[in-house]
Amino acid sequence: MAAQGAVAARSGLRSALPLLAPAYLWLTVAIFLPLSAMVFFSFMTDLPLTGKPWAFTLGNYAAFFSQSLYLTLLLASLRLGLEVTLWCIVIGYPAAYVLAKVLKGRSREAIFLLVILPFWSNGLVRIFSWAMVLREGGILDTALNAVLPFKINIDLMYSYPAVIIGLVHSYVPYMVLTCYLTLQAIDDSLIEAGRSLGASRLQVLKRVIIPLSLPGLVAGAALIFVPVVGSFMEPRILGGRTGTFYGTVIEDQFVAVFNWPLGAALSFILLAVVLVILAVASPVLRRAA
Amino acid sequence: MATTRFLEWLGRIYIGLLLAFLYLPIIIMALMSFNVSPFYQLPFDWTTEWYASLWQNDQLIAATWNSIEIAVITTIISSVLGSAASLALFRYEFRGKKFLQALLFPPIAIPWLITGTAMLIFFFGVGIGRGLFAILLGHVALALPYVIVVVSARLHTFAPELEEAARSLGANQWQVTRRVTLPWIMPGVIAGGLFAFAVSFDQFVVSYFLATPGQTTLPVEIYAAIRKGFTPEINAVSTIIIVVSMALMLLTARFFKFGGEK
Amino acid sequence: MRMPDLTALLTATAVFTSALAFTAQAGEVHVLNWKGYGADEPWAVEAFEKATGNKVVNDFFNSEQEMLTKIRTNPGLYDVVMINAAFNDQAMAEKLIQPIDTSKLANYADISKDKAGSPMLDHDGKVYGVPWVWGLTALAINEKSFDKPPTSIAEMWDPAHKGRVVIRDDAVEAVQFGAIATGQNINDIKDMDAVKTKLTSLMPQIKTFWSSENDWNQMVASNQIDIGTYWSGSADRAKTHFKLPVSLVIPQEGAVAWLDAFSIPVGSKNVAGAEAFINYMIDPKFYVEWVTKVGAPVSANTKAVEALPEDAFNRKVMGDPEVAKRIQFQAPITDAQREAYLALWQQLKVDVK
């Protein structure tokens with residue numbers, strides 16, 4: 001039985017190879033090999049590039065554990081990733097549902113396209129525009145004070161909420177689109193059948209719609225959580241004093257000091273943590289479904 | 001059903017709010033391209049001088065064309081290669097599949113800064129060097145994981161029995177793929193393509209390391225410009241891009257249906 | 001369609017005639033510098049190309065580390081590179097740059113003696129960097145927030161400015177600023193704990209950490225800040241070029257000074273072109289035009305500074321002997337020091353989160 005399984009697996013690989021090879025070859029040349037060089041660097045005391053003597057060391061990885069700074073920031077970044085992902089689900093999933101199940105006809109295609117269009121503008125220009133909205137005397141402040149009978153001061157710029165707003169804005173389309181893809185695939189007759197059998201809207205949502213659209217939700221969450229944990233540009237610009245995260249200290253090692261080995265080690269620790277979280281989360285999510 | 005009607009309207013309003021949130025910064029960006037102050041200073045003072053100076057800025061225009069070209073080619077290559085790979089991952093069982101799927105996350109998880117530096121060193125070492133070709137090589141690689149993850153999500157909703165049925169009716173592998181599988185995953189491919197375009201078009205870090213003078217992209221020009229007082233020419237060019245692509249998209253949506261009506 | 005055709009024709013003619021006149025010297029000069037920092041001004045490039053027949057190709061960096069990486073990974077690509085004097089030592093030790101034959105630079109003789117003789121640029125009697133411009137990292141104020149400009153660095157700690165103070169997101173600059181605030185030598189900080197305490201008490205005052213000139217200018221334009229560290233050339237540019245209410249303050253406690261110099265990378269394919277370009281960059285005519293049109297730091301060429309109007313900021317304030325006494329030039333920093341500064345700076349930023 002086991003031997004048979006192995007044969008099937010091998011033949012599966014043979015059929016899969018022509019479809020897989022181009023993409024994975026490309027990834028190998030452009031990403032995996034370069035990153036392997038970085039893995040190599042992360043075990044060095046110094047870069048051979050500069051002509052200085054170097055040796056192998058585990059010190060760069062040890063640095064992570066010997067200084068509380070890195071763990072504090074990693075936890076802060078994980079929390080940031082989690083919060084942004086949750087907000088994206090809360091905002092994006094209902095929108096995807098409306099898009100897939102409520103809107104019909106041409107307007108749906110148009111809106112689907114409109115959701116991603118903002119991301120064809122420049123990221124930095126978008127952040128500057130957010131600064132216009134969020135700062136004291138900015139658009140949000142002025143607009144709210146024009147409507148509200150009492151005076152309030154809104155200065156969200158250079159704060160943690162500003163980072164969250166900027167990141168949610170950047171990543172919510174991922175959630176809308178991936179959820180749309182799986183929600184749209186659910187046959188309407190399945191929902192009607194559930195309803196005609198006497199299930200409430202909420203029960204249909206819980207028993208039919210969410211489980212069937214889960215792959216999209218999971219894909220969206222992964223595509224948001226993973227890059228947000230390592231993000232550095234949005235926190236730096238929007239976060240001000242509170243904008244120091246794990247991604248920004250990695251950036252510092254590359255840009256401010258020439259310590260690529262430490263910077264690389266810190267990023268691979270990040271990668272390992274993220275992979276472990278994904279590995280633990282995906283079966284849990286699947287079982288929950 | 002009154003409640004259904006009510007919920008539908010609620011849904012429409014919700015989508016409207018989401019679009020308002022998404023387009024708020026874009027509208028401000030567009031407004032500021034018509035404002036005199038280069039520092040987004042208010043009160044608003046109308047001008048078209050930024051568009052006029054953009055017209056003279058050959059470097060920025062050339063970089064914009066480079067960006068568009070690279071993004072389009074990236075979109076095509078990564079959609080095709082990525083969809084093929086997702087199909088293989090979905091259809092076949094083989095040893096190491098989990099590993100291959102896990103391999104999609106390093107390019108997303110490792111900050112682009114490190115990936116970019118690694119590419120610079122590696123491309124230099126193996127003789128690929130820098131320039132537009134190297135940028136394209138990097139962009140496709142960055143976009144591929146997004147395409148594969150998105151298309152796979154769509155494939156999860158696909159019933160393999162459909163392929164079986166088609167096969168039992170005498171269709172060969174290629175016919176099955178073209179007539180049954182591809183139409184089903186098309187919305188996923190399109191969404192993946194849109195992601196790929198966005199990843200490439202707004203990619204700064206990796207392009208930055210691989211660009212050479214004269215062979216740069218728009219984000220590289222923008223990021224270099226902000227060091228020394230940036231100008232709303234950048235807002236102007238972003239506004240033009242958004243308006244043109246919005247027009248193209250609405251036209252596409254009008255004449256080309258995807259996602260399948262049921 | 002007529003306009004572009006005309007310009008194309010003009011350019012073609014210009015290239016053709018200059019090629020005829022200077023066939024022997026014609027070539028490309030690849031320059032590596034900060035973006036928008038003199039060497040890439042279109043009028044300057046054009047004037048230089050017309051005068052020498054060399055074509056200028058500009059490339060840019062965003063940090064000193066990146067500049068070094070670019071030279072390391074592109075041997076033979078660049079002919080001229082702009083290096084902060086504090087990094088010259090490292091570039092020379094890595095054999096990235098070559099000695100310069102100053103006899104080929106007609107303007108070199110006018111470089112002020114203290115800059116030309118700087119031990120940071122000259123090694124074993126050979127010149128590895130030609131001093132170009134210098135400037136200060138001092139304080140700048142939003143004129144709207146002050147009746148009269150402050151004189152002391154202590155103003156940054158004044159509770160009246162709480163939440164309206166900015167400082168650059170740069171470990172070395174921050175630590176050296178702390179050294180000045182605690183009355184220490186920036187190149188030989190004895191009491192690091194004092195620096196740390198001083199900076200810790202500054203943190204609650206801070207609005208954000210700036211990183212580009214544009215950040216500073218935007219925040220002043222929208223009246224979000226009162227005071228902060230800023231570069232002298234940038235403050236001048238913000239005031240004269242962008243008409244923002246910004247003025248530079250050189251506090252009585254002192255300020256950090258830096259010196260930027262041009263070097264020629266090892267393997268340059270057009271050393272003659274590089275020499276011509278460097279000579280042009282330290283020419284008084286270029287400098288005066290740069291200051292007038294754009295705003296610039298102080299030239300290392302004494303004749304160039306003298307060519308400015310008497311009341312020019314770069315001549316009157318920066319040339320003031322009183323100021324010269326207060327400022328401290330940045331010396332090279334070892335990698336270990338740099339990493340220690342970064343660790344301190346990161347810790348401060350985490351503690352304030």
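Residues are numbered from 1 along each chain as its sequence is written, while chains are lettered from A and ligands numbered from 1 in the order in which they are written. Because the model is predicted, local features need pLDDT of at least 70 and side-chain atom pairs count only at pLDDT 80 or more, whereas totals for chains, interfaces and linings use all residues.

**Chain C as a whole**

- Chain C has 15 helices and 14 strands, where helices (H or I, at least four residues) and strands (E, at least two) are DSSP runs numbered from the N terminus.
- The radius of gyration of chain C, 21 Å, agrees with the value near 20 Å that a compact globule of 353 residues would have; the radius is taken over C-alpha atoms, and the globule rule is 2.2 Å times the number of residues to the power 0.38.
- The C-alpha trace of chain C spans about 65 × 50 × 40 Å along its principal axes.
- Of the 353 residues of chain C, 51% count as buried, a residue being buried if 20 or more other C-beta atoms, placed from the backbone, lie within 10 Å of its own, exposed if 12 or fewer do, and partly exposed in between.
- Among contacts in chain C between residues at least 6 apart in sequence, 78% join residues at least 24 apart, and two residues are in contact if their C-beta atoms, placed from the backbone, lie within 7 Å.

**The largest nonpolar core**

- The largest nonpolar core holds 283 residues, of which Ala96(A), Tyr180(A), Ile224(A), Leu144(B), Val80(C), Val130(C) and Phe277(C) touch the most other members; such a core is a set of buried Ala, Val, Leu, Ile, Met, Phe, Trp, Tyr and Cys residues joined through C-beta atoms within 7 Å.
- Helix α7 (residues 132–155) of chain B supplies the largest share of this core, with 17 residues.
- Domain 1 (2–134 + 259–319) and domain 2 (135–257 + 328–351) of chain C both give residues to this core, so it lies between them; the domain bounds come from an automatic or database domain assignment.
- Leaving aside neighbours within four places in sequence, Ile224(A) is in contact with Val84(A), Thr85(A), Cys88(A), Tyr171(A), Tyr174(A) and Met175(A).

**Strand β12 of chain C**

- Ten of the eleven residues of strand β12 (residues 255–265) of chain C are buried, so this strand is largely enclosed by the rest of the structure.
- Strand β7 (residues 130–142) of chain C runs antiparallel to β12(C) and is joined to it by seven bridges, with Gly135(C) opposite Trp258(C); two strands pair if DSSP finds at least two bridges between them.
- Strand β3 (residues 80–84) of chain C is also antiparallel to β12(C), through four bridges, and Met82(C) has Phe262(C) as its bridge partner.
- Strand β14 (residues 327–329) of chain C runs parallel to β12(C) over three bridges, and Val256(C) is the bridge partner of Gln328(C).

**Contacts between chains**

- Chain A brings 79 residues into contact with 82 residues of chain B.
- On the side of chain A that touches chain B, α1(A) gives the most, with 20 residues, and the residues of that side divide into 59 nonpolar, 15 polar and five charged; Ala, Val, Leu, Ile, Met, Phe, Trp, Tyr, Cys and Pro count as nonpolar, Asp, Glu, Lys and Arg as charged, and the others, Gly among them, as polar.
- The contact between chains B and C takes 18 residues from chain B and 17 residues from chain C.
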